[in-house]
Protein chains: 2
Amino acid sequence: MTNELDFEGWTCPAPLRSYPNVILGHGGGGKLSAELVEHLFVPAFRNDKLEALGDAAVFSLNGSRLAMSTDSFVVRPLFFPGGNIGDLAVNGTVNDISMSGARPLYLSAGFIIEEGLPMQTLAQIVDSMAAAAAKAGVTLITGDTKVVDKGHGDGVYINTSGIGLIPDGLEIGPDRARPGDVVILNGTIGDHGMAIMSVREGLAFESPIVSDTAALNGLIATMIQACPQIHVLRDPTRGGVASSLNEIAHSSGVGIILDEKKIPVHQSVHSACELLGMDPIYVANEGKLLAIVPAEQAETVTAVMRGHELGQDTAVIGQVVAEYPGLLVAKTGIGGTRVIPMQIGEQLPRIC
Amino acid sequence: MTNELDFEGWTCPAPLRSYPNVILGHGGGGKLSAELVEHLFVPAFRNDKLEALGDAAVFSLNGSRLAMSTDSFVVRPLFFPGGNIGDLAVNGTVNDISMSGARPLYLSAGFIIEEGLPMQTLAQIVDSMAAAAAKAGVTLITGDTKVVDKGHGDGVYINTSGIGLIPDGLEIGPDRARPGDVVILNGTIGDHGMAIMSVREGLAFESPIVSDTAALNGLIATMIQACPQIHVLRDPTRGGVASSLNEIAHSSGVGIILDEKKIPVHQSVHSACELLGMDPIYVANEGKLLAIVPAEQAETVTAVMRGHELGQDTAVIGQVVAEYPGLLVAKTGIGGTRVIPMQIGEQLPRIC
């Protein structure tokens with residue numbers, strides 16, 4: 001056991017070097033998060049399943065292919081338009097498992113409760129978790145409760161972990177995007193992040209912004225049935241669509257050209273983003289997925305998606321290309337290209 | 001989704017009724033924790049796997065029997081004699097999985113980091129996790145990092161969840177203790193809890209108290225090989241030996257007679273407990289197990305346990321009887337019996 005970080009062994013740019021302490025941005029799902037994973041967690045635990053860096057880890061057991069995922073939820077406030085930390089925690093892990101193509105089956109829940117949380121609040125959150133689990137068709141089979149002293153938590157933090165079974169024949173992963181593929185999105189972006197922000201900032205719009213939190217496993221099952229050749233699935237949560245597509249471009253060693261005009265955004269989300277100086281493509285979603293599929297399958301996939309309640313606003317928003325490997329780019333109005341970088345730190349702290 | 005607790009539907013005694021808010025004791029692993037599970041979590045999520053209330057949940061998948069467990073760690077301080085929150089988090093979940101008889105295979109890790117945690121501290125903890133995982137022979141395959149603002153955490157909280165494979169033919173569970181069985185313990189009790197307390201209280205003893213944190217899967221594999229008929233395995237963590245045996249007595253509908261004099265306790269732990277007014281049988285352990293086996297197997301099991309580095313002080317500490325169903329009792333010096341109740345609340349907050 002070494003007690004010192006080996007700063008020398010790190011690759012350039014060595015970002016942790018510049019951060020002697022953890023900052024909020026390290027939990028933001030952007031570049032700082034990725035660097036923490038790349039330079040601290042992966043070197044410590046090094047193994048191929050972890051290093052695949054999917055939303056879920058995939059492993060084989062007695063001939064079955066399983067997916068496992070974990071996610072801690074620290075969203076503030078606990079209740080927001082469209083949901084609360086409870087259904088968010090269930091849907092989040094259901095979605096992470098589903099992004100491997102797996103059918104999510106079983107969840108665990110770990111509660112870290114701050115002393116003084118009203119029992120009624122806890123019951124309401126647990127009730128929402130149970131309803132979300134029932135709706136997604138998963139079973140919560142084990143749990144744990146810890147209580148921390150007042151001032152050392154924030155009401156309740158919830159970790160959910162889960163297990164799913166990957167149907168035979170599927171090969172879905174963030175490293176499988178290929179030039180010629182298209183990028184499909186199942187609806188409007190930014191709803192979850194801006195629902196949270198509108199509560200925090202006390203913003204009121206004509207049509208209130210509601211979180212899109214939802215379990216995507218049903219939609220994905222439909223998509224896989226129509227097109228088992230899906231290459232990549234990813235839910236653009238923290239860091240938004242821009243960060244997820246950057247990660248895929250990086251993992252697959254391809255370029256992704258984004259057609260920003262095609263991305264559906266609610267008017268109220270657009271207004272809120274303008275007001276707060278944010279770009280919706282960096283804002284968190286909790287009921288959205290990016291699917292990367294061979295171009296010849298695009299029509300089939302978008303058709304079944306539009307027929308599903310969670311995919312009515314499905315749009316093709318980009319192409320995978322051999323140029324610009326590792327980069328996400330957009331065409332500018334005057335015919336040039338502009339790189340859309342990964343978010344660096346934390347645009348919206350504690351969004352999930 | 002109901003937004004109100006149904007107080008009417010609760011069975012007597014309805015303990016949550018008396019607690020409008022969550023208190024530290026609800027996380028103590030004693031009676032309050034059990035009541036929270038029984039009256040709030042189980043009714044919400046009701047299913048046979050959860051209701052088995054084992055340290056791990058057991059389920060079948062494509063013909064394999066798997067065990068899944070989750071645990072959040074909020075120990076204070078993060079570093080203590082004999083370990084830190086990192087190895088504790090790995091060993092804790094490895095042990096919970098192992099108590100079902102499963103061979104633990106894969107773990108996840110979810111970090112909730114408080115803004116400002118020195119990167120060096122995080123690296124040291126992660127390093128200990130990696131070392132503990134390597135020693136236990138498990139692989140950490142997926143993770144998640146969240147950062148909360150200063151004053152809403154306590155350095156770092158870690159959730160670990162995990163999956164194990166149960167060998168064919170094993171039937172181990174908290175409801176399987178039978179009259180005639182004996183209760184075996186693999187060594188001294190109270191070391192973990194009193195190691196933490198001695199740091200918190202600034203106590204110094206001639207021989208310092210060191211946490212017993214250790215992965216028990218190796219010891220259990222040896223025991224199972226020698227005696228596949230083990231009925232119950234349980235690690236007496238929060239709430240100690242007394243609470244674990246109470247839970248087993250309750251689940252199995254049997255009485256357990258404890259022979260307190262046979263329980264090994266380090267002299268320094270004994271002294272610390274006296275000083276602080278605590279009873280070691282309620283103090284948390286992190287490298288101990290209780291095994292309940294048919295009397296005719298006791299000699300075989302204790303022999304292999306004593307041959308293992310984590311079982312040198314193995315002792316038979318009790319018998320399972322048909323009398324006193326649901327109770328843990330001790331023989332008094334004058335030949336009577338005395339009930340040893342479950343711990344009510346929290347003797348040692350934030351012990352794991």
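Predicted model: local features only at pLDDT ≥ 70, side-chain atom pairs only at ≥ 80, totals over all residues.
**Figure 1. Chain A is laid on chain B by a turn of 180 degrees.** In general, two copies of a chain are related by a rotation about an axis and a shift along it. Here the shift along the axis is 0.0 Å, and the superposition has an RMSD of 0.0 Å. The two copies are therefore related as by a two-fold rotation axis.

**Figure 2. An open sheet of 7 strands in chain A.** The strands follow the order S9-S11-S8-S12-S10-S13-S14, and their pairing is mixed. The edges are formed by strand S9 (232-234) and strand S14 (337-339) of chain A, each of which pairs on one side only. On average, neighbouring strands of this sheet are turned by 30 degrees against each other, direction ignored.

**Figure 3. Strands S8 and S12 of chain A, an antiparallel pair.** Strands of a sheet pair through backbone hydrogen bonds, either parallel or antiparallel. Strand S8 (residues 181-185) and strand S12 (residues 315-321) of chain A pair in the antiparallel sense over 4 bridges. Within this view, Leu185(A) stands opposite Ala315(A) in S12(A).

**Figure 4. Helix H7 of chain A lies across several strands.** The helix comprises residues 240-252. The strands that helix H7 of chain A lies across are S8, S9, S10 (255-258), S11 (290-294) and S13 (328-331). Relative to S10(A), helix H7 runs at about 150 degrees.

**Figure 5. The fold of chain A as a whole.** Chain A contains 9 helices and 14 strands. Along its principal axes, the C-alpha trace of chain A spans about 55 × 55 × 50 Å. A compact globule of 352 residues would have a radius of gyration near 20 Å, and the 20 Å of chain A agrees with this. Of the 352 residues of chain A, 58% count as buried. Among contacts in chain A between residues at least 6 apart in sequence, 83% join residues at least 24 apart.

Notes
Residues numbered from 1 in each chain as written. Chains lettered and ligands numbered in written order. Pairing = 2+ DSSP bridges. Helix = DSSP H or I, 4+ residues; strand = E, 2+ residues; numbered from the N terminus. Axes fitted to C-alpha atoms, helices over the stretch in contact; angles between N-to-C directions. Contact = placed C-beta atoms within 7 Å. Least-squares fit on C-alpha atoms with pLDDT ≥ 70 in both. Rg over C-alpha atoms; globule rule 2.2 N^0.38 Å. Buried ≥ 20, exposed ≤ 12 C-beta atoms within 10 Å, placed from the backbone.
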